[in-house]
Amino acid sequence: MAAIPNPSATAPVRRASAGGWRGAALGLGAFAVLAVAGWFSPRWLTFLVTMSAANGLVSLGIVCLMRGGVVPFGQGMLFAAGGYTAALAYNKLGFTDALGLALAGGVAAVLIAAPFAPLLSRYRGIFFAMLTLALSMVTYGLLMKLDALGGSDGFNMGRPTLLGQKLPDARTGYILYLVTIGIATAMALLARVYFDSTRGLVTLAVRENELRVEYLGGSVRQAMTINFILAAFSGGLGGALAVMSLGHVEPNFSFWTTSGEFVFVAILAGWQSVAAVFLASTVLEVVRSFSSAYFPNTWQLALGLFLLFVIRFLPKGLGSLWMKGNS
């Protein structure tokens, strides 16, 4: 006799599937709204959102690691790796496609991070943070000294193309805006799927109790290695997209203050929500832009006060405002 399916057993699967479709619909809806809004927005605003989305991708990688209980202070290295790769591919190889350059930046960051991933997966807490910071500062020192990479001044990058077509002068910023928010939307949806997957849930278990995960047959080091590589790809993507919009790359991409800003965004967002990462990145860019314009010598103070406010009243970040059910 055939077994009768238990409705209560399949309910969580149906809820997860429904949640996935709902998340995809919300993501695509947000992209459509931003695309329409960008068409009517001034150039300075589209540029601000473009940089927010690119930087948000880097912070998304930090959130991926934060879910496992570690915080990297060297994400600037991966940001710089993606940016320099895109600029070098454009200037030295003549490869100009925006999508290809973004992908090249992500792959290059993975190749640079992969040899260090097994080592870093063994460390936690301040040791993990300091090791990643050391790697980032070593990269900064190399970039400062290598004249072939522009030295301390860096070098410029020309205007990319898209699918073999030159970008029109009047709409270059808007097209790069669409490319950036499109890639950010795709990465956000993939991150949400990963966070809700078995591997993503194992990461949360690692943060709570590594020993229990090992007893249940999971590999803590493997989970942390995969998370570090995924964070590298996301960081490289962000770096390449940022350089394409800025038209310039320099060693400060790998400086410790740059990595600190990415950590600031990750703490502000919290680890519960993917959307909160990009919201927090936009908040940072807005506060930085307006504080620099009206309080040029005290904008860091404004950021610090804002972070203290969030830590005091929203210790789990902005994402906890709409994801209170998550532990």
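The lining of the second largest pocket divides into nine nonpolar, five polar and four charged residues (Ala, Val, Leu, Ile, Met, Phe, Trp, Tyr, Cys and Pro count as nonpolar, Asp, Glu, Lys and Arg as charged, and the others, Gly among them, as polar). The model is predicted: local features need pLDDT of at least 70 and side-chain atom pairs pLDDT 80 or more, while totals for chains, interfaces and linings use all residues. Residues are numbered from 1 along each chain as its sequence is written, and side-chain values use heavy atoms, without hydrogens and water.

**Second largest pocket**
- Of its 18 lining residues, Met 51, Asn 55, Phe 79, Leu 246 and Arg 288 lie nearest the centre (a pocket is an open set of points on a 1 Å grid over the protein atoms alone, with protein on both sides within 12 Å along at least five of seven lines; lining residues have an atom within 4 Å of a point).
- Helices α2 (43-66), α11 and α12 each supply at least two residues of this lining (helices are DSSP runs of H or I, at least four residues, numbered from the N terminus).

**Helices α11 and α12**
- α11 (residues 256-269) and α12 (residues 275-294) pack at about 125°, with axes 8 Å apart (axes are lines fitted to C-alpha atoms over the stretch in contact, and angles run from 0 to 180 degrees between N-to-C directions).
- Residues in α11, including Phe 264 and Leu 268, meet residues in α12, including Val 277 and Arg 288 (contact means heavy atoms within 4.5 Å).
- The residues of this contact divide into nine nonpolar, one polar and two charged.

Note on methods
1 Å grid on protein atoms, 1.4 Å probe; cavity = no way out; pocket = protein on both sides within 12 Å on 5 of 7 lines; lining within 4 Å.
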